[in-house]
Each structure stands twice: as C-alpha cells, then as structure tokens.
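Okay, everyone, thanks for coming. Let me put the model up, and then I'll talk you through it.

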Amino acid sequence: MEFGWSEAQVAYRQQVRELLKATLPADWDEIAVHGPGSQAQTEFSKGFCRYLSEQGLLVPHWPREFGGAAGQPWDHFILGEELWAAGEPRGPQYMNVNWIGPVLMRYGTPDQQKRFLPPIVTGSVIWCQGFSEPSAGSDLASLRTRAERVDGGYVVNGSKVWTSYARLADHCFLLARTGDKGKGGIVILLTPMSAPGIRVKQIPALIGEGDIHEVFFTDVFVAEENRLGAEGQAWEMITYALQNERIGIPRYAFSRRVLDRAIAKLQTEGRFTDPILQDRAGRALALCEAARLMVYKVVDERANARPPSAFGNLARWAVIQADHAVNDFLTEYLPEGLLGADPLQQAHHQRAIAAGIASGAAEIQLNLAARRYLELPSEAPRAV
Amino acid sequence: MQFEPDEDQRAVLDGLEQLLGALDLEAPKEGALSAFSRTLDQQLADSGFLQVAREPGFSLLEAALLVERIARTPVSAEAAASALVLPLLDPEVARPLALGNQITAPARFLPHARTMLVDNGEDVLLVEVDAGNVEPVETLFAYPYGRLRRTQDLRIRALGPTMATPLRRRWRLAIAVEGAGLMQAALDEVLEHVKTRHQFGRPIGSFQVVQHRLAMTAATASAARWLALRAAWSDDEADCAIAATYVQDAIPRLTYDLHQFCGAMGLTLEFRLHLWTYRLKALLGELGGSSAQARTAATRAWSPARQ
C-alpha cells in the first residue's frame, strides 16, 4: 500500500497539463460556461478531440486493435482528471471514449466496430444516450419506447427525455422494447440521428445549454445491422456499460480546482483570515479529498484487474457530497460568481447541481451499496 | 498508488491477527465502561508492534494499519499515541502515553500511562507519570480517563514550542486512524443487528430508510480510513488535518444513526455498541474538535508556502 505517483505517471500528468495550457484558448472559461452540450463547447470539442487523437491522448486506454495504445488504467484516469478539472474540453465525447466505444468493442459485430469505432478514435463523432423516458428515469427497466420487427430491421416509436447532446449528436445509443415488460425485453439500436422520424426538442434547464432534450421517435426505421447484440441481451450490455462508468466522472477534480481558485481570490481580498470561512473551506476540502481517495480505490481495483465491486457506488456518493460542499461554499462566500463575475464558478455550479441526479441518482447508488456492498436484505414488495 | 497491502504490510497485519486471536478480547459485560485490556496493552508493547514506525523498512503507514485494526477490538488499549506520536520522541520515553492540553485536565489512558505529553499552547511538556498520582475519572467515554492528583513536584521536561507542530500533526493522525477503525467496528456491529432484528415482520435492515443511512455510514467509514492511511503515508500537515477534520466532522451523525438503528438495545451496556461509539465521542473534542482541524486543514493546504 502506498499513495504516491510513479515518475511516469507524474510525467504523463504534466504532458496533459502542458497540452491543455498550449491548446485551450484564452476565452476557454467563457466557452465552457454553458456545459459540454452547448453549441460552443461541442464545436470546440471537435477540433480539440481531433488534436487529442493526433497526440495519442483520446483513447490511449483502448486496445491497440481498435486504435488505442493499450494504456494503463491509471493513465486513463489521470487524463480524465485533468480534462474534467479543465472544464471537459472533450465536450460530449468523453462518453464515447469511456463507455460507448468499450461496449461496441465487446458486443459489436466486426462490421459495427468498423463503422462506429474509427470516428470515435479520431474524435469526429457525437453520440447521445437514449436511455431515460418520461416514465422511466431511475427505473430504467420500465422504458416503453417500442421497436417493432419489420423486414430488414425495426420501426421505433416513442420518446426519450433528459437526453444530453441530442441536438448535435450523429448517433443515439438507443434502448427500446421489443418484448414484454422488464429487463429481458429490451434491445439496443445504434440509431443515426439523421433518420427520418426523429425530432429533437431542447428543454431549457438550470444545468446549461444543450444538456437536456426530449427526443421523439415516430416510425423511425433502424436497420437490423445496427442492432447491438441480441434482442433481450440489452441489460447485460447496459450493466457492462455502467461498469465502465462505475467511477463516473472525476468531478472532485473540478471541484478541487474551483475551490483552490476561490481560496486564492479570498486570500487576495484579505478574507481568508475569517476563521468561520476557514472552517467551511476546510470541511469542503476534506470532502473533496475523501471523494478523490474513494474513486482512486475503485481505479485501483480496475488497475489490478479485479472484477467491479459495489464500492463504486459508495465512491459515487462521496463524489456527490464533495461537489455539493464546494458548490455551497462558493455560493455562500462568493455569490458574485453566479452573478456574471466568474464563468468557471457558474459552470461548476451547473455541473454540481446535477451530480446526484445524472448517470444514476444518488438514492440508486445508496440502494445498490446497501444491497451489494453491505448485503442488507431486500425490502419485500408491498401488496398493492 | 496501490491500495492493497504489500507482502511486508500483510505480514505485519497477519502477525497482529495472530496476537489478537490468542487473546480473549471480549469486553466484560459488567464493570468499567472503558474495557481497558492490560493484557492486550502489554502484549502490543512486548511484541514490538507499537514500535513498527521506528523499524528500518517500515513507516508510519504500517503503524497506522495496526492502530486501525486494534481500534476495531471491543477492548481498549493505548496504541495510537504510542505507535504514531511516540516515534517523534526519544526511544527511551516510556509508554503508555497520555496526550493532553493541560496538566490538570483529565486525559485518556492516564490511569495506565507512564508518560503524559502536554501541549499547553506555549510549550510541549513531557511529564513523567507516577501511577499513585493519578485519580481515575468516571466517564461515559469508553476509555480509561484520569487526572493528576497533584501537579507540584512533577518530573517535567519542556520540549520547546517547536515540538508543538509535529505533535499536533501526529495527534491529528492518531485521531483520524483510531477514529476510522472505531467507525468501521461500530458499523459492523450494527449491520449484524439490522440483519437479524425483525420488526413489522421483516429485518430492520430491509427498510430503505435504514439502508440508505447505513450505506452513507459505510461511505463515511471507508473515506475516513483512506484519508487516515494516506495521511500516515505522507505525514503531511494538511493531509493529517484533513483526515482528522473528516473523522471528527462525521462522528455526531454517524454515532446518532448507528444508535438509532439499535433502539433501546443500543443504550444498554450489554449490547456493546458504546464500546466504539463512546470512544468516537471521546475523540470528537480532542485538539479543539472538528472546527480546529478544519481551520488547520484550510490554512495548511492553502498556505502561501505550499502554493
């Protein structure tokens, strides 16, 4: 047991930092303020990811056969930490490299891998995630969008909601129901967003421009060759995808960065001598570092090729606590940051308020931790 | 970065398990709340485990791993101060070691201590303790507490104010490491209870409201442990203060929840949850409490020298 970085890891982190310093424009905070789904950040991400790809830093953790460099899990994580701390200049494409690509590598046909993976490797494609529906949020298995079998493929009818990046996406990783209720009747369709019958409506939201949409599917034809895996196999693939997302985004890295910036500002203003302010800052700092170590523990499991454990759910909870603690500290002591004075603080605020909701609600994480990590007995279903 | 113990660390921990396994570590059902085990205390000293940080090839991290494990036993023994603070001093300084802020105030482990280390804000004093000069203090805190009967004619060596910073750093580390072990042990005790205790026809632990709070407690106990172990690895001012902040900040909520899930049973000495929760409550106020640690964490982490 030890908690240090190897020389190679320090050098790798430095390489990423230098790349960011050389690449991000002076007005990057302004570009990033509206979030990864905004037009501005998505446009920026296309050029940035292309450059990352050229530098071998977009999918370094992928196997060589799919265009990666078979990098170490810790390197991939260091990359994620630095990019998220910088405001995620990959825009929506972090999703491609973290889980859409890996799912395609594992379950895709050779033809699908040939069609869909190279654009991810070169950073030239945007995907959106067609999971949640108006009646299926945390309870994903109750989704109702139908995929009816027809000659050569499926016809999809239904709607998705909360869909990030939908307006700018090229493809949708779409879940639809072919069979009966429950987890067994779901299929995954790799759906071109240009297909006739798809309508995207942006929903104005607190969390930034372009992050939330409703997507309507009316008689949308999806060719059979775009079905991922077999009908009924979707839940297995979703579980695998979520395992790849099990540590989620290294949100605490961004929280720590904005906290450091805030303290520097408070020091400059002569306010950091206030013991109450110091107390609050110290507690937020402790939660950030707690989240960091909890997530590192999960990365360590992966680096040692251990099967995914439910510890990841505990780590997610710790990350949520850190995001909110920093956000609350900033909102209390630097409210001007949300009044136009600090785009980066606003960007952090907009990500923090979604931390316990997006990618599996905090309460779902606690449910999973209780059952799988603590092995507590299940709650008996109530009689209706 | 490696979260699993290496071969040497595992060997040290296995050795401790053997020592613990050979002892009866059940706290007495009646008698002192502190459940102090002279046998364990003595065997830890004789075996050399508490001196591990002084051994070549070992460090504070191995000491912390041992202290965290010892804290999970139902009985108490003076391990944290000896293993984590005492290495700052000459090897001939005798243990058990009591830590305090005033010579006259009650201190943990003082009834069994041979040395008391006092940080009075101006100087750090090394006080030789004569067992006959210690008056036991009755307390709900599940540690032995005592105070010196008389303060004149004590053998005191002033270590100088420069010792205050390292002493407080290690004291914070000791709070964090011991606190992490206590949290995990208390959680384990309650998990066992909620899986077997039935109300409304089903185990208490099947209710979602209980499950969520226990999952949060598990996250807290884990984070406390990793923060404490990292602090032991780095022996850094900010890391030690961050770890102590996290532990002391979490103690009220964690002890409230764990007692709540055990109902009145948890208020009886027979149930033994207090062996860990009332040690945690004792740690809550040490070194000025969570606010003092949080302010230290903030000023150390963001000190101009560090930036």
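So, A:F173: this residue is buried, because 24 other C-beta atoms lie within 10 Å. The cut-offs there: buried takes 20 or more other C-beta atoms within 10 Å of the residue's own, exposed takes 12 or fewer, partly exposed is in between, and the C-beta atoms are placed from the backbone. Before I go on, this is a predicted model, where local features need pLDDT of at least 70, side-chain atom pairs count only at pLDDT 80 or more, and totals for chains, interfaces and linings use all residues. Residues are numbered from 1 along each chain as its sequence is written, while chains are lettered from A and ligands numbered from 1 in the order in which they are written.

Back to A:F173. Which residues is A:F173 in contact with, leaving aside its neighbours within four places in sequence? They are A:I100, A:W127, A:Q129, A:G130, A:I188 and A:L190. Contact here says that the two C-beta atoms, placed from the backbone, lie within 7 Å. There's also A:F131, which is 42 residues away from A:F173 in sequence and 7.9 Å away in space, C-alpha to C-alpha.

A:F173 sits in strand β4 of chain A, residues 171–177. Helices (H or I, at least four residues) and strands (E, at least two) are DSSP runs, numbered from the N terminus. β4(A) runs antiparallel to β5(A), with seven bridges joining them; for pairing, DSSP has to find at least two bridges between the strands. In that pair, A:H171 is opposite A:P192 of β5(A). And β5 of chain A, residues 186–192, is mostly covered, with six of its seven residues buried. β5(A) is also joined by two bridges to β8 of chain A, residues 227–228, again antiparallel. There, A:L189 has A:R227 as its bridge partner in β8(A).

Zooming out on chain A: we get domain 1 (7–125), domain 2 (128–232) and domain 3 (246–373), with bounds from an automatic or database domain assignment. The C-alpha centres of domain 2 of chain A and domain 3 of chain A are 31 Å apart. Their contact takes four residues from domain 2 of chain A and five residues from domain 3 of chain A. On the domain 2 side, that's two nonpolar, two polar and no charged residues. For the classes, Ala, Val, Leu, Ile, Met, Phe, Trp, Tyr, Cys and Pro are nonpolar, Asp, Glu, Lys and Arg are charged, and the others, Gly among them, are polar.

Next, the two chains together.

Over to chain B, which has nine helices and nine strands. A compact globule of 307 residues would have a radius of gyration near 19 Å, and chain B has 19 Å, so the two agree. That radius is taken over C-alpha atoms, and the globule rule is 2.2 Å times the number of residues to the power 0.38. Of those 307 residues, 52% count as buried.

β3(B) pairs in the parallel sense with β1 of chain B, residues 97–100, over four bridges, where B:L99 is opposite B:L117. β3(B) also pairs with β4 of chain B, residues 124–128, antiparallel over five bridges, and B:D119 is opposite B:V124. The hairpin of β3(B) and β4(B) has four residues between the strands, and B:G121 takes a positive phi near 95° there.

Last stop, B:L84. In the largest nonpolar core, with 212 residues, B:L84, B:A176 and B:L227 touch the most other members. A nonpolar core here is a set of buried Ala, Val, Leu, Ile, Met, Phe, Trp, Tyr and Cys residues joined through C-beta atoms within 7 Å. Beyond its neighbours within four places in sequence, B:L84 has contacts including B:L60, B:V67, B:R170 and B:V177.
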